[in-house]
Amino acid sequence: MQQDQQGDDTPVTGGPTTGGGRRPERRRRLLIGALALLLVAGGGGAAYWAGLFSDIGDPVSFGKIQESAAAEDIRPEVLMPTGPKAGFSRTSRLPDGTQIAVTTLTGAKSGFTGDVWVWVPKEYDEPQYAKSAFPVLISLPGGRGYPKNYWGTGPGLGLQQAVIDGVREGTSLPFILVMPVINADAKNHFDGSDIPGQPKMGTWMADDVPDFAKANFRTFTSRDGWAFMGSSSGGFGAFKHVLKYPERFKAVIASGVDFVPDSPLWKGNRQAMDENNPEKLAEKLIRTGGPDVYINFQIGTKESGRAQAEKFMKQYGKGPVHTRLQVIQDGEHNGKSYVRGMREGSLAWISKVLRAPTPEPAVG
C-alpha cells in the first residue's frame, strides 16, 4: 500500500530558541503587529478570518429549511432526512461562509465508532432547493486514515473550494462531501473491507456512512446521486465499493490507487480477499451485464501506477465498466495534486455522470 503524503495534518514547529527566549518574544510582538495591521486594513471581517473571533467547536445545524417541505410536495426521487439527526461541531469555515463540521458515528451495522466530517454547499440552504435532493460524494483519505480524514481536517488541500469554484463556473455539481475515517486504528490498514476477525470497515463505509448521510440530508433515492472519491488506500476503498455495490453507487474518482487488496491482516484468506478484489469484482460485473459503473482514475506523472491503471482499463474497461484516466502533469502522490486533477477534468466528468439538484421554478 502506497503512503499518501498529503502533508496538511502535520504541525509546523520552529527550531530551538537562543538568548533567553528573545525569539518567542519577538515573534509575539510581530504577531501582535500583524494582527493590528489586519484589523486596520481588513476590518472586523478580516480579523474574524484570522481566527480572532473563532467559533470553531460550536454546534452546527445543516438544512435549516428542509423541515418546511410538506409530505405532498416531496418529489419521488428525493429522500428527506430520515433521522435521527447527528450533533455536529464546526471545524472550519470557508470564504463563502460554508463550513466543515464533525460528528462521531457508531455504525449500526458495523459496530465501529469513528469520526465523520461533512461539508455542505451553500446551495443546500437556498430556498429554491428546499425540496431537492443533493448528490453525495463520500471522500476517503489515504495514509493512516485514522483518527482523521484529511479531506475534512485539511481544507487547505482545496477539495471544498474546487467544488465551490466548479459550481460557480458550471463545471461541478454542488456535492455534499461526507468524509469518514477509513481505518480502525493508526497501526493497520484494512483495505476498506470486512477482513475476517477485524473491525468491519467495509460495512462502515458501504452501509453506515451512507445511512448517516440519509439520516441528516436530502439525498437521492437512486444510485444516480451517490459516488465515492479517494486517494491512495482511500482510492482503493472507493474504487472497490463502486464495483462491489453497483446497485448503490454509480461512480468513483480513484487517485493513486492500488488494484488488489494487500493488507497483512488478510493472512492468506483468499475467498474473502477475492470478494474485495476490484479485478474479480469487475470480472463479475462484466459477466452479469451491469449495472453500469463509471471509474475515473487519476495518476500524477511523478508517481507510479499509470501502467497498472492502463492495464486495468484495457482488460476490464468494457461492457458495464466505463473507465477514464486523468493524467496530472507533474502530479505527485498527494492530495493537492489530486484536487488539481479534479479541477482539470475529473469533477466535470463525474458531474455529468451523476444527478443534479433541481431548483424550484421562479415565480412571476
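Start with the whole chain and its contacts (heavy atoms within 4.5 Å). Among contacts between residues at least 6 apart in sequence, 73% join residues at least 24 apart. This is a predicted model: local features need pLDDT of at least 70, side-chain atom pairs count only at pLDDT 80 or more, and totals for chains, interfaces and linings use all residues. Numbering runs from 1 along each chain as its sequence is written, and side-chain values use heavy atoms, with hydrogens and water left out.

Colour by secondary structure. The chain has nine helices and 12 strands. These are DSSP runs numbered from the N terminus: helices are H or I with at least four residues, strands are E with at least two. Now colour by burial. Of the 364 residues, 50% are buried (under 20% relative accessible area, 1.4 Å probe, protein chains only).

**Stop 1: helix H7**

Select residues 278-288, helix H7. Which residues of H7 are buried? They are Pro278, Leu281, Ala282 and Leu285. Look down the helix axis: these residues fall within an arc of 100 degrees, so they line one face of H7. The arc is taken from the directions from the helix axis to the C-beta atoms. An α-helix has 3.6 residues a turn, so residues three or four places apart point the same way.

Next, show what covers that face. The cover includes H5, strand E11 (293-300), helix H8 (306-316) and strand E12 (321-328).

Go to the ends of H7. At the N-terminal end, Asn277 is the cap: one of its side-chain oxygens lies 2.9 Å from the backbone nitrogen of Glu279. After the helix comes Gly289, with a positive phi near 85 degrees.

**Stop 2: Asn296**

Move to strand E11 and select Asn296. Is Asn296 buried or exposed? It is buried, at 0% relative accessible area. Its side chain makes a polar contact with the side chain of Ser346, at 3.1 Å. A polar contact here is a pair of N or O atoms within 3.5 Å; within protein, one must be able to donate a hydrogen and the other to accept it, and residues adjacent in sequence count only if both atoms are side-chain atoms. Leaving out residues up to four places away in sequence, Asn296 touches Val252, Ile253, Ala254, Arg324, Gln326, Ser346 and Trp349.

**Stop 3: helix H5**

Finish by selecting residues 233-244, helix H5. Helix H5 also belongs to the cover over the buried residues of H7.
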